[in-house]
Amino acid sequence: MLMRSIALAGLSSLAFTTAALAEIEVHDAYARSSGPMAMAGAAFLHIANTGPEDDRLIAARADVAKRVELHTHIDAGDGVMKMREVEGGFPVAAGSVHMLKRGGDHVMFMGLTGPFEQGMTFPLVLVFEKAGEITVDVTVDLERQDAMDHGAGHGKMDHGSMDHGKMTHTE
């Protein structure tokens with residue numbers, strides 16, 4: 001009976017240790033919106049997994065919007081890139097960096113509770129499968145001019161005609 005208890009205690013401690021193996025660091029978090037009256041915005045950041053196990057960003061939360069979702073851009077077959085929610089989240093492989101960037105994966109804020117003003121900061125909670133919740137401070141930078149990386153063969157990106165305030169999602 002004593003051996004059984006020791007074995008169970010050992011397995012329990014191993015379960016807690018495994019959860020700590022995904023070591024996540026978040027860098028260069030910033031957000032944008034298309035203007036002062038915009039109803040939507042997005043956050044971009046670098047997620048580094050310095051641990052020995054893969055992890056996955058599965059959700060995000062912030063009080064700056066009614067809805068916060070993980071999004072990406074996909075080619076819907078007509079040569080125009082469209083935003084779509086990624087329900088399974090973003091994988092972050094061990095020893096790698098996953099970039100959330102303009103024109104690619106990003107955190108989407110829909111139904112902004114107030115305008116994104118240059119220089120303001122807000123907390124963003126990132127939820128990972130293994131690392132759990134990590135809160136980062138996001139700075140609004142409406143002036144940043146990151147190049148939108150479309151990748152080869154992705155065609156054009158239609159942001160100009162997109163009404164982010166009334167965005168719908170295709171499945």
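Val26 has Ile47 of strand 2 as its bridge partner. All views show a predicted model.

**View A. Strand 1 pairs with strand 2.** The two strands run antiparallel and are joined over 8 bridges. Strand 2 covers residues 40-49, and strand 1 covers residues 24-33. Together they form a hairpin, with 6 residues between them. The Val26 and Ile47 pair belongs to this view.

**View B. Strand 1 also meets strand 10.** Here the sense is parallel, and 2 bridges make the link. Strand 10 spans residues 132-140. Which residue of strand 10 is the bridge partner of Tyr30? The partner is Thr139.

View C. Is Ser33 buried or exposed? Its relative accessibility is 10%, under the 20% limit, so Ser33 counts as buried. A polar atom of the Ser33 side chain lies 3.3 Å from the backbone oxygen of Gly35. Beyond neighbours within four places in sequence, Ser33 is in contact with Ala38, Ala40 and Gly41, and also with Leu112, Phe116 and Leu142.

**View D. Asp28 in strand 1.** Asp28 also has its place in this strand. Its phi is near 55°, a positive value in a residue other than glycine. Relative accessibility is 36%, which lies between the 20% and 50% limits, so Asp28 counts as partly exposed.

**View E. The largest nonpolar core.** How many residues does the largest nonpolar core have? The count is 28. Val107, Phe109, Phe122, Leu124 and Leu126 have the most contacts inside this core. At least two residues of this core come from each of strand 1, strand 2, strand 3 (55-61), strand 4 (65-75), strand 6 (90-92), strand 8 (106-112), strand 9 (121-128) and strand 10. A second, separate core has 7 residues, including Ala40, Phe44, Met108 and Met110.

**View F. The surroundings of Leu124.** Leu124 is among the residues with the most contacts inside the largest core. Which residues are in contact with Leu124, leaving aside neighbours within four places in sequence? They are Ala43, Leu45, Ala60, Arg61, Ala62, Val107, Phe109, Ile134, Thr135, Val136 and Val138. Val107 and Phe109 are likewise named among the residues with the most contacts inside that core.

Conventions. Residues numbered from 1 in each chain as written. Predicted model: local features only at pLDDT ≥ 70, side-chain atom pairs only at ≥ 80, totals over all residues. Heavy atoms only, no water. Helix = DSSP H or I, 4+ residues; strand = E, 2+ residues; numbered from the N terminus. Buried < 20%, exposed > 50% of the residue type's maximum accessible area, 1.4 Å probe, protein only. Polar contact = N/O pair within 3.5 Å; in protein donor to acceptor, adjacent residues only side chain to side chain. Contact = heavy atoms within 4.5 Å. Pairing = 2+ DSSP bridges. Core = buried A, V, L, I, M, F, W, Y, C linked by side-chain atoms within 4.5 Å.
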